[in-house]
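I'm jotting down what I looked up, in the order I looked.

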Amino acid sequence: MSTNSAAEHPRVVAVRRAWSLGWIFASPSLLFGAFVLVPLIALAIRGWQDGQVMERLLSPFVLHALRLSVVTSTLTLVLALVFGVPAAYLLARGRFRGRQLLTILVELPMVLPPTVAGVALLVAFGRRGAIGAALVEMGIEVSFTTTAVILAQLFVSAPFLVRSLQAGFEAIDPTYEQVSATLGVSELRTFLRVTLPLARPALLSGAVLCWTRALSELGATLIFAGNFEGRTQTMPLAIITAFESSAGLSGAIAISLVLLVVASILLVVARLAQRRSRGSS
Amino acid sequence: MIGVDIQKRLHAFTLDVQFDAQHETVVLFGRSGSGKSRTLAGVAGLMRPDSGRVVVGSRTVFDSTRRIDVPPQQRNLGYLFQQVALFPHLTTEENIAYALTGLDASARRRRVRELAELLRIEELGARYPGEMSGGQQQRVALARALARPVDGLLLDEPFSALDEALRADLRAELVRLRQDIDVPIVCVTHDLREAHLLADRIAVLEAGRVLQFAERTGVFHHPASRQVAQLTGVANVFAAHGLGGRRVEIEGAAFEVPQAVAEGVPVDVCIRAERCLLRRTDVNDDLPPNCFVADIASELAFGNAYTLHLQAVGPGPGVEVDVASRPYDVLGVATRRRWVVELPVNDLHVMPR
């Protein structure tokens, strides 16, 4: 797009100026790019050289972890949407006392070390925790189960969705909602037909952030849900387990490659989806 | 009809507005920040007045004493926003059909086609707002506002975002549409020409108050006060006092006016710049009534007309005079500096001070 418009308006001076700045900024940018890319490329090459990648990937140990990761992170995203979309809308449009405080509160899990989140969750939902004890009496065990994995992921990753979506809602001109009201359309219907569709780019990027954060969740899960194969051992935990086992680095590399590929695909899909929604609006 | 009597405390002033619109177009005219748009929002239910009453058709939609506050969804008013605000993610057809929730698909299509025809936007059906010009967007927005049966139409600076040619076009369109839309229209504008073109009656607003609410010609030719005269573009407003009978004194010169003013009573007298006449000084030496000698102090050329500022030689006021380009040439205004200015009796208007 930018190259097209530059071709349509050939303003030589502006182009040259942009380049002079480009050269100054190029060296740190290139260095940083190399810093990010080199380890990833090394990971890919090393995985290729080891040769046993497919074999390792198809082992029950990895397949269990992969399935658990996909299932839990997806459920986390669904829960984050169910609770996060209304919350984000209220934070963006609501007029009530403590709105600022709530906005800060929502961001707290994002800056908190995940291990702290895990400890906090354990204290609340553990067998002897405030809520956990009551749940145990009802026959529901939370800590060290798959449920705990999802709760840990939700706690850590949902704020990414809420924050992105809140910013998205705030960026929408309230006139659209007023127009809808004068056209006799109810507020709920307005939200579903106007506000939410207009916030779609923010919704998409928030959802992708939330999902990838859930997928990579480690610290909170380890403390609150433990590391049990097939039950709470997600991919990041499997990497640690493999790393510490006899397979060592080679085992960790194979699983890391899977996560790398999944994350890359997600990123590309999200970008494409965003571009399309921008094109239509 | 639409009946409005609302009060609302705002930051800069207190809004206190009364007017009504029968089967006619009422223009709320005033400078930006005079409270006209807020008034419209109050009628539509987008702003809640502190007190007062709003009636739409036969329904009271707001009444502070009876605790009635009908939500905007149920006020049955079409509202055209200054920002146009077409839904950017919907096509023209979807925008127009947006409000038609109760109809089945075929009835909805028919209604959309009707409106597209009425506003001459048939070819825009599949386009998104981003792919249309400002004028086209405003037409679509008007179609959208008219899609449901409404008891009134509210227009908030509907043409202000458009360039002059398009504005003229759409104003003419609205005048044409007036015959098809048989509901009261309340239109907010700060544009004098627009107000004059569209209005049956005009409410002149300033700092949240209605200074004058009257027939269009009444407001333009018989402003209620100096303030209204200035707001409606009357260039010449003079401080004067009565001489008894139908005579007043302005800057030491006596002028005849259409109505009697008691002796010594201070009044304001006004005359529009285009109603002042220029005569050659050499016509005769004895000045006719309501005439005085003046020199051209400055001159502005607008192509189709000239605005002259003249200063009296001896007693008489300074006046602004508009002369169309043809009389300007015929009289040879450019060739001489000194003129006789006549303020015709019937074009002078006396206002209380």
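Predicted model: local features only at pLDDT ≥ 70, side-chain atom pairs only at ≥ 80, totals over all residues.

**Between the chains**

I started with the two chains: 20 residues of chain B are in contact (heavy atoms within 4.5 Å) with 20 residues of chain A. Residues are numbered from 1 along each chain as its sequence is written, chains are lettered from A and ligands numbered from 1 in the order in which they are written, and side-chain values use heavy atoms, with hydrogens and water left out.

The size of an interface is often given as the accessible area lost when the parts come together. Here I get about 1900 Å² buried between chain B and chain A, with 66% of that on carbon and sulfur atoms. Buried area is the accessible area (1.4 Å probe) that two parts lose on being put together, summed over both. Which three residues supply more than any other three of what chain B buries against chain A? They are B:Gln73, B:His89 and B:Tyr98, with 35% of that area.

I also looked for salt bridges (a side-chain nitrogen of Lys or Arg within 4 Å of a carboxyl oxygen of Asp or Glu). The count between chain B and chain A is zero.

**Chain A overall**

Chain A has 14 helices and zero strands. I took these as DSSP runs numbered from the N terminus (helices H or I, at least four residues; strands E, at least two). The C-alpha atoms of chain A fill a box of roughly 60 × 55 × 30 Å along the principal axes.

**H4 and its partners**

First pair: H4(A) (residues 60-93) and H5(A) (residues 99-111) pack at about 140°, axes 9 Å apart. Axes are lines fitted to C-alpha atoms, for helices over the stretch in contact, and angles run from 0 to 180 degrees between N-to-C directions. That angle makes H4(A) oblique to H5(A); under 35 degrees is roughly parallel, over 145 roughly antiparallel, 65 to 115 roughly perpendicular, and the rest oblique. On the H4(A) side I found A:Leu90, A:Leu91 and A:Ala92, and H5(A) brings A:Arg99, A:Leu102, A:Thr103 and A:Val106.
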